[in-house]
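Biologist: Please show me the model and take me through it. I will ask about one point at a time.

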Amino acid sequence: MPGSQAILEPANVCLDLFAALRLPVFASRDWHPKKHCSFSAQGGHLPEHCVAGTEGARFAAGLRLPASATVVSKGVSADTDAFSAFTDSDLDLHLSALGVQRLFIAGLSPDFGVLNAVVDALGWGYWVVLVSDAVVTVDQRLGDGARALAALQQAGVVAVRSAAFVGIDNKRRATRAKALETTISGVARAERPLARQG
Ligand SMILES: [Zn+2]
């Protein structure tokens with residue numbers, strides 16, 4: 001996908017931090033059967049992609065997913081498409097079992113799956129931080145992604161760039177969580193006036 005290489009390093013910054021802080025990581029992927037309804041050959045709106053078990057369905061080479069990451073597969077049956085990692089998955093169950101209240105979301109999707117996941121996460125009551133330089137969507141019309149992001153910020157999503165997380169994992173264990181909180185709340189304050197302008 002265009003732009004996918006550019007988000008690798010920002011995504012890795014977050015993954016490294018979460019691994020260092022021993023915070024849970026979930027990795028969602030499209031995992032489609034060969035004749036999936038979203039493929040143009042079946043009348044869908046996308047070229048064939050992410051066929052289960054093939055190279056195209058693998059996580060990007062160079063993405064530093066921790067070994068402890070939980071993989072969530074979506075769109076696994078031929079006749080239904082999952083527009084977000086929360087659709088037809090047990091992601092919410094996993095998260096609530098862990099007592100998770102806040103999600104940091106990054107990733108890429110041709111069909112807005114990442115942004116749909118943000119909308120679903122808000123609906124489930126999570127506080128959502130979108131790592132803005134680690135997200136790619138393909139604009140069906142120019143500016144789609146930017147408009148969607150602006151709407152999400154209006155809805156309470158905090159957008160933060162990965163640079164804000166650099167160095168937190170080098171701090172002493174006791175001060176890491178506090179550093180993360182300070183970073184996020186600082187960003188949240190800075191974002192609010194922006195969101196109002198929308
Ligand atoms: Zn798909």
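Modeller: One term is needed at the start: pLDDT is the predictor's confidence in each residue, from 0 to 100. This is a predicted model, in which local features need pLDDT of at least 70, side-chain atom pairs count only at pLDDT 80 or more, and totals for chains, interfaces and linings use all residues. Residues are numbered from 1 along each chain as its sequence is written.

Biologist: What is the mean pLDDT of the chain?

Modeller: Of the residues in the chain, 89% reach 70 or more. The mean pLDDT of the chain is 84.

Biologist: In which helix is confidence lowest?

Modeller: Helices (H or I, at least four residues) and strands (E, at least two) are DSSP runs, numbered from the N terminus. Confidence is highest in strand E1 (residues 26-30), at a mean of 94. Where pLDDT is low, the predicted coordinates should not be read in detail. The lowest confidence, a mean of 59, is in residues 173-197, helix H5.

Biologist: What is the strand order of the open sheet?

Modeller: Two strands pair if DSSP finds at least two bridges between them. Strand E3 (residues 102-109) is joined in parallel to strand E4 (residues 127-137) over seven bridges, and E4 is joined to strand E5 (residues 158-160), also in parallel, by three bridges. The open sheet of three strands therefore has the order E3-E4-E5.

Biologist: Why is one side of E3 and of E5 left without a neighbour in the sheet?

Modeller: E3 and E5 each have a single partner strand, so one side of each has no neighbour in the sheet. The reason is that both strands stand at the edges.

Biologist: By what angle are neighbouring strands of this sheet turned against each other on average?

Modeller: Axes are lines fitted to C-alpha atoms, for helices over the stretch in contact, and angles run from 0 to 180 degrees between N-to-C directions. For neighbouring strands of this sheet the direction is ignored, and the average is 30°.

Biologist: What covers the buried residues of helix H3 (residues 113-123)?

Modeller: Two residues are in contact if their C-beta atoms, placed from the backbone, lie within 7 Å. H3 lies across E3 and E4, at about 160° to E3. The buried residues of H3 are Gly113, Val114, Leu115, Ala117, Val118 and Ala121. Their cover includes E3, E4 and helix H4 (144-154).

Biologist: Is Trp124 buried or partly exposed?

Modeller: Trp124 lies in the loop between H3 and E4. Leaving aside neighbours within four places in sequence, Trp124 is in contact with Phe86 and Asp92. Trp124 has 14 other C-beta atoms within 10 Å, so the class is partly exposed.

Biologist: What is the phi of Arg22?

Modeller: Most residues other than glycine have a negative phi. Arg22, in the loop between H1 and E1, is exposed, with 9 other C-beta atoms within 10 Å. Arg22 is not a glycine, yet its phi is positive, about 55°.

Biologist: What is the phi of Asp88?

Modeller: Asp88 lies in the loop between strand E2 (70-74) and helix H2 (91-97). With 15 C-beta neighbours inside 10 Å, Asp88 counts as partly exposed. The phi of Asp88 is also positive, near 50°.

Technical notes. Buried ≥ 20, exposed ≤ 12 C-beta atoms within 10 Å, placed from the backbone.
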